[in-house]
Amino acid sequence: MTEGGPLVMDAETLEAYRDDFLRHLAQTVPGRKELVIERARGSVLFAADGKRYLDMISGIGVSNVGHCHPDVVRAIKEQAERFAHVNVYGRFVLPPQVDLVRRLTSVTPRGLDVAFLTSTGTEAIEGALKLARKYTGRPKFVAFERAFHGRTLGSLSVSWKQAYRAPFEPLLPEVEFVPFDDVDRAAEAIDERTAAVIVEPIQGEGGVRIPSDGFLQALRRLCTERGALLICDEVQGGMGRSGRWFSFEHWGIVPDVVVAAKALGGGLPLGAFVSTQEIFQTFLDPPLSHLTTFGGNPISCAAAIAAFDVIRREGLVERAASLGARLEERLRNVQLEHAGTITEVRGRGLWYAVDVSPPELAMPLVAEMQRRGVIVGSMLHADGTIRIAPPLTVLEAELDVLIGVLRASLRELGRAR
Ligand SMILES: Cc1ncc(COP(=O)(O)O)c(C=O)c1O
């Protein structure tokens, strides 16, 4: 996949972009960046030096319908010609917001039919935490080891990794972390001070970790018994990624609040937290209890509507399940061939984590695969783990390339060691 596109920038222009990226954009990861992106279509990124790359991480779980799906592009253009922003959230009736939440609440469990729209995932998590505190009048949150919910102060408070938390303390008080998948420890932590338990039903940044059957059902029961809300963070796992619209569906539970973002916006910034009419009543007292300027931006909503309809029409939820099962089988075959290096393959739908040993091999493997034209990634809360999460529209032939490049890269790194 590394050859074939037109050279759209000369070497000097390319270098100037790389230089000024480092000079003027705040850096959070050290090092010079090679790829200058010119275009993206489907699962393919076109770099400005003429090379092509397969995007096997979907811009971190965003491009579930592929890049620049024609329906999404058309919807964005049409809405941009009508209106973009007209007022702060909730003042006027905006048909794109209504058309979107009609769709969104048609796939959330019965009763969860009210959504507050935001711009990002972390902002939707903040809203969900505030909603739980205000509705219950309680201060405490129970969260899980390896959890990731975002980078603003509230969402960071319920995210686990100490290295990301410590520099910003003090964070929210009364957050208790318990091991993921440990019902007994959760039962000890959830008490009469708990406003909510917040959980990714399948942990994303923790390394695509799938709980045992019974874990989420137990959380549901404990929350109901003790008067706490159950918040399911579906920011990464939602919109078909796991082979269901939302990953909690694998266990048949009904949360009190569902949080979505990333793929929800079809590539544009959009998030939502969805709950019941009764729970949301609390935001009316006092009026304007929670607000945002850009949440539910009409152009983002138009893109989201188009993406939603693509997922439905193209059967992408079912496709993620069936294609994902085949991908898993193929990843397991690679594991058998490289048993010393690949220690575990975990996932559901088109969402996989591949653990490598030693863990220091992960970044060289990501780099070698990129050199060979395939973009995979690492994970925030799992060292030595490779992220594979292609668009749900990915072609089988593109998965062939992914597997071929993974094999070739492992062989190459094996030779080098
Ligand atoms: C599970 C989960 N929750 C929340 C977030 C935060 O979303 P955003 O980056 O849009 O703020 C992320 C981002 O990766 C996520 O994976």
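**The ligand shell and selected features of a predicted model**

By class, the shell around the ligand comprises 2 nonpolar, 6 polar and 3 charged residues; Ala, Val, Leu, Ile, Met, Phe, Trp, Tyr, Cys and Pro count as nonpolar, Asp, Glu, Lys and Arg as charged, and the others, Gly among them, as polar. The structure is a predicted model, in which local features need pLDDT of at least 70 and side-chain atom pairs count only at pLDDT 80 or more, while totals for chains, interfaces and linings use all residues. Residues are numbered from 1 along each chain as its sequence is written, and side-chain values use heavy atoms, with hydrogens and water left out.

The residues that surround the ligand are T120, G121, T122, F148, H149, G150, E200, D233, V235, Q236 and K262, where a residue is near a molecule if one of its heavy atoms lies within 4 Å of it. Polar contacts are pairs of N or O atoms within 3.5 Å; within protein, one must be able to donate a hydrogen and the other to accept it, and residues adjacent in sequence count only if both atoms are side-chain atoms. T122 places a backbone N or O atom 2.8 Å from an oxygen atom of the ligand. For Q236, a polar side-chain atom lies 2.8 Å from an oxygen atom of the ligand, and for D233 a polar side-chain atom lies 2.7 Å from a nitrogen atom of the ligand. Of the 390 Å² of accessible area that the ligand has on its own, the protein covers 82%; such areas come from the Shrake-Rupley method with a 1.4 Å probe, and for residues only the protein chains shown count as cover.

The next topic is charge pairing. Side chains of opposite charge can pair when their charged atoms come close. A salt bridge is taken here as a side-chain nitrogen of Lys or Arg within 4 Å of a carboxyl oxygen of Asp or Glu, and by this rule the count comes to 26 salt bridges. One of them joins D99 and R102, with an N to O distance of 3.0 Å. These two residues stand 3 residues apart in helix 4 (residues 95-107), so about one helical turn separates them; helices (H or I, at least four residues) and strands (E, at least two) are DSSP runs, numbered from the N terminus. D99 is partly exposed at 27% relative accessibility, whereas R102 is exposed at 58%. In these terms, buried means under 20% relative accessible area, exposed over 50%, and partly exposed in between (1.4 Å probe, protein chains only).

Helix 14 (residues 396-416) holds E412 and R415, and because they are 3 residues apart there, about one helical turn lies between them. Their side chains meet in a salt bridge of 3.1 Å, N to O. E412 is partly exposed, at 26%, and R415 is exposed, at 60%. R346 and D355 also form a salt bridge, their closest N and O atoms being 2.8 Å apart, and both of these residues are buried. Elsewhere, E15, R18, D19, R32 and E34 are linked in a network of salt bridges.

Two further residues illustrate helix surroundings. S58 belongs to helix 2 (residues 58-61) and is buried, with a relative accessible area of 0%. Setting aside residues up to four places away in sequence, S58 touches S63, R241, A389, P390 and P391, contact meaning heavy atoms within 4.5 Å. V101 and D400 are 299 residues apart in sequence, and their C-alpha atoms are 37 Å apart in space.

Most residues other than glycine have a negative phi, and most peptide bonds are trans. The peptide bond from E169 to P170 is cis, with omega near 5 degrees, and P170 sits in the loop between helix 7 (162-165) and strand 6 (175-178). A cis peptide bond also runs from D285 to P286, with omega near -5 degrees; P286 is in the loop between helix 10 (277-280) and helix 11 (298-313). L288 lies in the loop between helix 10 and helix 11, has a positive phi of about 70 degrees although it is not a glycine, and is exposed at 66% relative accessibility. C68, in the loop between helix 2 and helix 3 (70-82), has a positive phi near 55 degrees and is partly exposed, with a relative accessible area of 41%.
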